[in-house]
Structure formats: C-alpha cells, structure tokens
Amino acid sequence: MSMLQQRQLIEASFLPYICKCNICPAGVLSIQVSDPKTETVLMSWDGISSSDLTSWTLISGFVTGLHNDLQALTGIVPGELNAKCEPGLCSLTWMIFRAAS
C-alpha cells in the first residue's frame, strides 16, 4: 500500500473533523486532528512509522487506537454518524471500517 493511500485512509477516518497527515521522506507520519468550525487542534501524534501500516486491517486497528485516544481526552468520537456530516462523507468512514472488519 502506498504512503498516499495510507494518508488518504487515515484522513478520511476522522471525518467530519479535519485530519492532516504528513509523511516525511523517511516514512514517518505526523497526524493532527482539528475541529472543522474553529480549526482548533484537538490532538496530534508524531513519529508513527508508515511501514507498520501496510494493509486495511493494520490501518483500521491503528486508527481505532487513535479514535480511542481522542475520545478519552476530548469526548469526541470521529466518524460517528450524525446530522453534522455531509451526505456521503460519514458513510465513507463507515465503509472503511466495515471493509476492514
């Protein structure tokens, strides 16, 4: 799986929140999740090796851990289906996790 695909999957999994996933040339990820209305950074993670995220299943498990961290610290549940989601965006997140299950 390419680093671009990894980035797209991780960023989509946090919708409707803003997720910026940066990958340095050495294959190390930095992830930042922000509130879409205020652009306030809610949480960030650094030093994640992209070589550990080579399949849908591994990415799904990794993102679930990030979601748990975010929920524990902020009470926010990314990807939760709610009225704030634009049509199709939340269903994309839901499909990503269902495909990996």
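Before you click on anything, one term for later: a crossing of two helices is left-handed if the near helix is turned anticlockwise from the far one by less than a right angle, and right-handed if clockwise. You are looking at a predicted model, in which local features need pLDDT of at least 70 and side-chain atom pairs count only at pLDDT 80 or more, while totals for chains, interfaces and linings use all residues. Residues are numbered from 1 along each chain as its sequence is written, and side-chain values use heavy atoms, with hydrogens and water left out.

**Whole chain**

Start with a cartoon view. The protein has three helices and three strands, in the order α-β-β-β-α-α from the N terminus. Helices (H or I, at least four residues) and strands (E, at least two) are DSSP runs, numbered from the N terminus. Of the 101 residues, 37% count as buried; buried means under 20% relative accessible area, exposed over 50%, and partly exposed in between (1.4 Å probe, protein chains only).

**Select 56-74**

This is helix H2, with 19 residues. From first C-alpha to last, H2 reaches 26 Å, close to the 27 Å expected at 1.5 Å a residue; the expected span is 1.5 Å times one less than the number of residues. Now colour Ile59, Ser60, Phe62, Val63, Leu66, His67 and Leu70, the buried residues of H2. They cover an arc of only 165° around the axis, so they sit on the same side of H2. The arc is that of the directions from the helix axis to the C-beta atoms. An α-helix has 3.6 residues a turn, so residues three or four places apart point the same way. Just after H2, stop at Gly75, which takes a positive phi of about 85°.

Which hand does the crossing of H1 and H2 have, left or right? It is right-handed. Show side chains for the contact (heavy atoms within 4.5 Å): Gln6, Leu9 and Ile10 come from H1, and Trp56, Ile59, Phe62 and Val63 from H2.

Gln6, in H1, is buried, with a relative accessible area of 2%. Leaving out residues up to four places away in sequence, Gln6 touches Met1, Ser50, Leu53, Thr54 and Ile59. Gln5 also lies in H1, but counts as partly exposed at 41% relative accessibility.

**Two loop stops**

Go to Pro16, in the loop between H1 and strand E1 (18-23). The peptide bond from Leu15 to Pro16 is cis, with omega near 10°. Finish at Glu39, in the loop between strand E2 (28-34) and strand E3 (41-49). Glu39 has a positive phi of about 60° although it is not a glycine, and counts as exposed at 58% relative accessibility.
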